[in-house]
Amino acid sequence: MKVNHFNSSEKILRYTNKIDYFLNAHKTLIVTELDLTNKCNHRCPGCCGHNENNAELSKDQITTIVENLKAMDNKGVILSGGGEPTLSLHFGYAVESLKRAGMNIGLNSNGGLLNEEKCHIIAKNLEYFRISLDAGSALMYEKIHGMKPHHFEKTLENIAMFAKIKTELDSQTSFGIGFLTSKETQEDMEKFVLIIKEIAKKHKGINFVQFRPFIGDTFDISPILENLKAKYEEEDFKILASFQKYNEMANITHRGYDKCHGMFFSTVISADFKVWACLHFRQSAKHFLGDLKEQSLEEIWRGARIKEVYQSIDCQKCPILCRNDSFNKTLDKLSLDIINSEFL
């Protein structure tokens, strides 16, 4: 079973052809975050989505996006939000279309709307599936997701349902449950691991739990994490974390780069059919790259606007430990004037 180790700084170096395009041409895109809908069934107080305009991609728009991504030789698509991806009427169509086009697919979901049909679609087509539970109790779930205790129980039932179906289908989809960390949520970390591990014992199929910080949060859970790993991790049940983010928390004052090189390799297509430089700035005019009603993705990448955005972004105003941070550090080294580089 392939489990993501969240090592973006190493992954970017695998795509030597994309790096060559970065230095010389335009066809750089590796991964796209795709918002099928801005609608959501949860009411998270700290929501980082952009569901204010209730936009949804139509079937024809999804078809166009798939064609555009294939033309750009895009490798991976993350269905996220925006809103809740499984709320889209065209969720199944989008997954199957992307799969036929040869792209690997990941899904980030709150898990509240799963049914057997959606579970089968996910298990048969996705590389990874992560449900964001972010709690080990109904009380914490209400604080983080804005939902009632019966919604927490329903999500746990849905986690068990997918794990069971995944096992029955002998699916190779990597399935994990996510938890956002902060001073407030730390008290639920162990309870969260215990609840998910109990489901995993009964139904198999759950490969990992994953801890990651809220955007902009600098609370380091490393000591707690090491304790949990020592107590509960097993060969078929991994306790993972965005280690590159937690490791950087002691040195967040200096990014080590001035330009967001990552925007050429990782982009966002929102539910209103527009393209943005960064998932953290959907709907920001400064980060707007183009409208797919007016241009193809390739035309956007060849155009002047993407270069203008690249030059204008002030990385010091971006969220700390952002999505592109680790591979920005790696890519920035490509532009350094290194003395005696021939002596490796």
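**Overall make-up and helix packing of the predicted chain**

The protein chain exposes about 16,000 Å², and carbon and sulfur atoms supply 51% of that area (Shrake-Rupley method, 1.4 Å probe; for residues, only the protein chains shown count as cover). The model is a predicted one, in which local features need pLDDT of at least 70 and side-chain atom pairs count only at pLDDT 80 or more, while totals for chains, interfaces and linings use all residues. Residues are numbered from 1 along each chain as its sequence is written, and side-chain values use heavy atoms, with hydrogens and water left out.

The protein chain contains 13 helices and ten strands (DSSP runs numbered from the N terminus: H or I of at least four residues for helices, E of at least two for strands). Among contacts with a separation of 6 or more, 73% join residues 24 or more positions apart (contact: heavy atoms within 4.5 Å).

Helix α4 (residues 91-100) packs against helix α5 (residues 116-125) at an angle of about 15°, with the axes 10 Å apart (axes are lines fitted to C-alpha atoms, for helices over the stretch in contact; angles run from 0 to 180 degrees between N-to-C directions). This makes α4 roughly parallel to α5 (under 35 degrees; over 145 is roughly antiparallel, 65 to 115 roughly perpendicular and the rest oblique). Phe 91, Gly 92, Val 95, Glu 96 and Lys 99 of α4 meet Lys 118, Ile 121, Ile 122 and Asn 125 of α5. By class, four residues in this contact are nonpolar, two polar and three charged (nonpolar: Ala, Val, Leu, Ile, Met, Phe, Trp, Tyr, Cys and Pro; charged: Asp, Glu, Lys and Arg; polar: the others, Gly among them).

Helix α6 (residues 138-145) and helix α7 (residues 149-168) pack at about 100°, with their axes 8 Å apart, so α6 is roughly perpendicular to α7. Here Ala 138, Tyr 141 and Glu 142 of α6 touch Pro 149, His 151, Phe 152 and Thr 155 of α7, a set of four nonpolar, two polar and one charged residues.

Finally, Gln 186 sits in the loop between β5 (174-181) and α8 (189-203). With a relative accessible area of 30%, Gln 186 is partly exposed. Beyond its neighbours within four places in sequence, Gln 186 is in contact with Phe 219 and Ile 224. The C-alpha atoms of Gln 186 and Ala 135 are 9.4 Å apart, across 51 residues of chain.

Terms used
Buried means under 20% relative accessible area, exposed over 50%, partly exposed in between (1.4 Å probe, protein chains only).
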